[in-house]
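Good morning, and thank you for coming. Please keep the sequence and the structure in view while I go through some of the contacts and local features.

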Amino acid sequence: MATSDLPDLSHLSIDPGPPENTSEFPTVPIHIVTSASQLPPEFLDPPADKQIVIGLDCEGIDLCREGALCVMQLALANAIYLVDAIDGHEALIQACKPALESTNILKVIHDCKRDSEALYFQYGIKLNSVFDTQIAYSLIEEHEGRKQSPNDYISFVALLADPRYCGVSYLEKEEVRDRLRQDPEFWTYRPMSEIMIRAAADDVRFLLHIYQKMMLKLNNKSLWHLALRGSLYCRCFCTNDNEYADWPSLPVLSEDLIAEGYSPEQEILSILNVPPGKMGRVIGKRGASIQSVKECCGAEIIIGGAKGPPDKVFIIGPVKQVRKAEALLRGQMLDF
């Protein structure tokens, strides 16, 4: 069935806010996709001569390396596509692999770590070329003199509510979370209910608008930093035995930045293995120990947690900050 023959579900989109803001968020059709032929050609076969920007999100059962991916949402300028991993099966997600790995399709996403992990371990997809709005928000805040604390990562709901980027209240998100707490299988039911379609679409609906707003605030240095940090985030939970040798290369400085004499410190991802029974020491009572290390070093420190891998700590940042964090965390594991 051709894309044009798909049902128009645009009436399921949420009210974008007060009437004076409605024109900023035009209603677009929502397509449920169960076959690769229903996806737009420019997504399936990324053009080599230009970059396409899309919004991206994933939904599933406790989404991670083992939590099943159920729906992958794609927001293009003129439509939203809900890629049904259950009815479309693995073949449909594999058809999306070239686009998800392509540098010619920029994926706008909020906190890519777990989505990247699910795509990698369940489908062998190495998510690449992302614009992570969570990272971008932190960079903009720092650039504008509002430095965040090490634990202060903005949620997607809070980002949507921020009038500088969107100014949309997303109360429906909490309703979906309540349903997920009551029934973890929520995203597996087919056919998808109206609230499922609506919630899935709304998770990507505003991403391109937020991207445009953020681009006005980011300079070339910030964009390079964002691209690098996004690449490291994509790798974060995707642990393997070859130190990411088969992953796309990390972004390099542009010739313009080199000509300006910009020479930032190298940033890395370090994975620290925690011996059995020592994670409690690393975290400390109510997180006090790891919070202290974050404040001391300035590096980002992420625990694998219940979704896994539970025995690892991931550290992202400039080399000196990361090495300092490693030393302090190893010290907390020692027996005295």
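This is a predicted model: local features need pLDDT of at least 70, side-chain atom pairs count only at pLDDT 80 or more; totals for chains, interfaces and linings use all residues.

Tyr 120, Phe 121, Tyr 244 and Trp 247 make up one aromatic cluster. Rings of Phe, Tyr and Trp (its six-membered ring) pair here if their centres lie within 6.5 Å, and planes under 30 degrees apart count as stacked, over 60 as edge-to-face and the rest as tilted. Residues are numbered from 1 along each chain as its sequence is written, and side-chain values use heavy atoms, with hydrogens and water left out.

By the ring rule, the count comes to 10 aromatic pairs. In one of them, the ring centres of Phe 131 and Tyr 211 are 4.9 Å apart and the planes stand at 80 degrees, so this pair is edge-to-face. The two residues belong to distant parts of the chain, 80 residues apart, with Phe 131 in strand β6 and Tyr 211 in helix α9. Helices (H or I, at least four residues) and strands (E, at least two) are DSSP runs, numbered from the N terminus. Are Phe 131 and Tyr 211 buried or exposed? Both are buried, where buried means under 20% relative accessible area, exposed over 50%, and partly exposed in between (1.4 Å probe, protein chains only).

Phe 156 and Tyr 170 form another edge-to-face aromatic pair, at 6.4 Å centre to centre and 80 degrees between the planes. Phe 156 lies in helix α6 and Tyr 170 in the loop between α6 and α7, 14 residues apart. Phe 156 and Tyr 170 are both buried.

A ring can also face a charge. The charged end of Arg 114 sits over the ring of Phe 237, 3.8 Å from its centre; the rule asks for NZ of Lys or CZ of Arg within 6 Å of the ring centre and within 35 degrees of the ring normal.

I turn to the salt bridges. Side chains of opposite charge can pair when their charged atoms come close. The criterion is a side-chain nitrogen of Lys or Arg within 4 Å of a carboxyl oxygen of Asp or Glu. How many salt bridges does a search of the whole structure find? The search finds 20.

Lys 217 forms one with Glu 144, and their closest N and O atoms are 3.3 Å apart. This pair links distant parts of the chain, 73 residues apart: Lys 217 is in the loop between α9 (207-215) and α10 (220-235), and Glu 144 is in the loop between α5 (133-143) and α6 (156-161). Lys 217 is partly exposed, at 29% relative accessible area, and Glu 144 is also partly exposed, at 33%. Both residues belong to a network of salt bridges that links Glu 141, Glu 144, Arg 146, Asp 162, Arg 164 and Lys 217.

Arg 181 has a salt bridge with Glu 174, at 2.7 Å between the closest N and O atoms. Arg 181 also has one with Asp 178, at 2.3 Å. Asp 178 and Arg 181 are 3 residues apart in helix α7 (residues 172-182), so about one helical turn separates them. Arg 181 is exposed, with a relative accessible area of 55%, whereas Asp 178 is partly exposed at 30%.

Next, the sheet. Strands of a sheet pair through backbone hydrogen bonds, either parallel or antiparallel. Here 3 strands form an open antiparallel sheet in the order β7-β9-β8, and two strands count as paired if DSSP finds at least two bridges between them. The edge strands, each pairing on one side only, are β7 (267-273) and β8. β7 and β9 are joined by 7 bridges, and Leu 269 has Ile 316 in β9 as its bridge partner. Helix α14 (residues 319-333) packs on the sheet and touches β7, β8 and β9, contact meaning heavy atoms within 4.5 Å.

Finally, some backbone features. The peptide bond from Arg 190 to Pro 191 is cis, and Pro 191 is in the loop between α7 and α8 (194-205). Another cis peptide bond joins Gly 308 and Pro 309, with omega about -10 degrees. Arg 286, although not a glycine, has a positive phi of about 55 degrees, and this residue is exposed at 84% relative accessible area.

Key: Axes are lines fitted to C-alpha atoms, for helices over the stretch in contact, and angles run from 0 to 180 degrees between N-to-C directions.
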